[in-house]
Amino acid sequence: MSTTYTLTLGPLTRQLPLIKLNDTTTIASFVLLGDAELTTYAAEQLNQRLADVDFDYLVTMESKGIPLAQALSQLTNHPRFIVLRKSIKDYMRTPLTTPVQSITTSADQELVLDGTDAALIQGKRVVIVDDVISSGGSLATAQTLLAKAGATVVRKVAILAEGPAAKRSDIDFLAPLPLFTTK
């Protein structure tokens with residue numbers, strides 16, 4: 001088996017390292033952090049897909065979705081976006097939490113919404129932004145947490161949909177990313 005997967009996204013090509021997660025599954029590791037060119041391109045493409053969507057805030061999960069949400073926030077003229085954190089921070093006021101399980105994280109985690117941000121998005125229409133949607137665990141947890149805050153999710157967008165997520169009709173993504181069977 002090769003040690004990399006070639007990802008082509010529009011005019012951009014990246015060699016993604018193949019990482020064995022367990023005895024049966026290997027992923028092509030996509031890390032957006034630090035790739036300004038790909039972040040900008042993806043944000044421009046997703047901006048076009050959100051052109052007719054009425055929303056108040058973009059919401060992303062810590063941490064790899066943050067640069068994408070920042071770029072998309074600027075392009076959509078939404079001066080503020082919300083970040084769901086992976087732990088409670090000392091500065092947070094009455095945070096809302098929900099446990100999460102992700103394909104790329106073996107330890108138990110939670111998603112946390114600062115109470116200040118929860119008040120801001122109550123009754124608002126939000127778009128969830130992520131780099132990769134795979135099992136959908138983080139996405140489902142984000143939706144649960146946002147519902148606790150009284151927000152309505154009107155769209156879910158990502159750069160890539162991994163494995164079975166590419167067949168989902170409830171997310172908008174730019175390209176599929178295969179999962180690999182480990183032998």
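Mentor: Before we start: two strands pair if DSSP finds at least two bridges between them. Helices (H or I, at least four residues) and strands (E, at least two) are DSSP runs, numbered from the N terminus. The model is predicted, with local features needing pLDDT of at least 70 and side-chain atom pairs counting only at pLDDT 80 or more, while totals for chains, interfaces and linings use all residues. Residues are numbered from 1 along each chain as its sequence is written, and side-chain values use heavy atoms, with hydrogens and water left out.

Trainee: How many residues join β2 to β3 in their hairpin?

Mentor: β2 and β3 run antiparallel, joined by three bridges. I19 has I27 in β3 as its bridge partner. The hairpin joins the two strands through a number of residues, and that number is four.

Trainee: Which residue in the turn between β1 and β2 has a positive phi?

Mentor: β1 and β2 run antiparallel over six bridges. Within that pair, L7 stands opposite R14 in β2. The hairpin has two residues between its strands, and a positive phi of about 60° belongs to a residue in the turn, G10.

Trainee: In what order do the four strands of the open antiparallel sheet run?

Mentor: Start at the edges: β1 (4-9) and β11 (179-181) each have a single partner strand, so one side of each lacks a neighbour in the sheet. The pairing is antiparallel, and the order is β1-β2-β3-β11.

Trainee: How large is the average twist from one strand to the next there?

Mentor: Angles run from 0 to 180 degrees between N-to-C directions, with axes as lines fitted to C-alpha atoms, for helices over the stretch in contact. In the open sheet β1-β2-β3-β11, the twist from one strand to the next averages 30°.

Trainee: What is the hand of the unit made by β8, α4 and β9?

Mentor: β8 (residues 125-133) and β9 (residues 152-162) pair in the parallel sense over eight bridges. V132 has L160 in β9 as its bridge partner. A crossover is right-handed if, with the strands pointing away from the viewer, the path from the first strand over the helix to the second runs clockwise. With helix α4 (residues 137-148), the β-α-β unit is right-handed.

Trainee: How far apart are the end C-alpha atoms of α1?

Mentor: The expected span of a helix is 1.5 Å times one less than its number of residues. α1 has 14 residues, so it should span 20 Å. The end C-alpha atoms agree with that, at 20 Å.

Trainee: At what angle does α1 run to β2?

Mentor: Contact means heavy atoms within 4.5 Å. Among the elements covering the buried residues of α1 are β1, β2 and α2. Helix α1 (residues 36-49) lies across β1 and β2 (12-20), and its angle to β2 is about 110°.

Trainee: Is T76 buried or exposed?

Mentor: T76 sits in the loop between α2 and β5 (81-84). T76 touches N47, F55 and L58, leaving out residues up to four places away in sequence. With a relative accessible area of 13%, T76 is buried.

Trainee: Which residue has its backbone oxygen 2.9 Å from a polar atom of the T76 side chain?

Mentor: α2 is followed by N77, whose phi is positive, near 60°. T76 is in the loop between α2 and β5. The backbone oxygen 2.9 Å from a polar atom of the T76 side chain belongs to L72.

Technical notes: Buried < 20%, exposed > 50% of the residue type's maximum accessible area, 1.4 Å probe, protein only. Polar contact = N/O pair within 3.5 Å; in protein donor to acceptor, adjacent residues only side chain to side chain.
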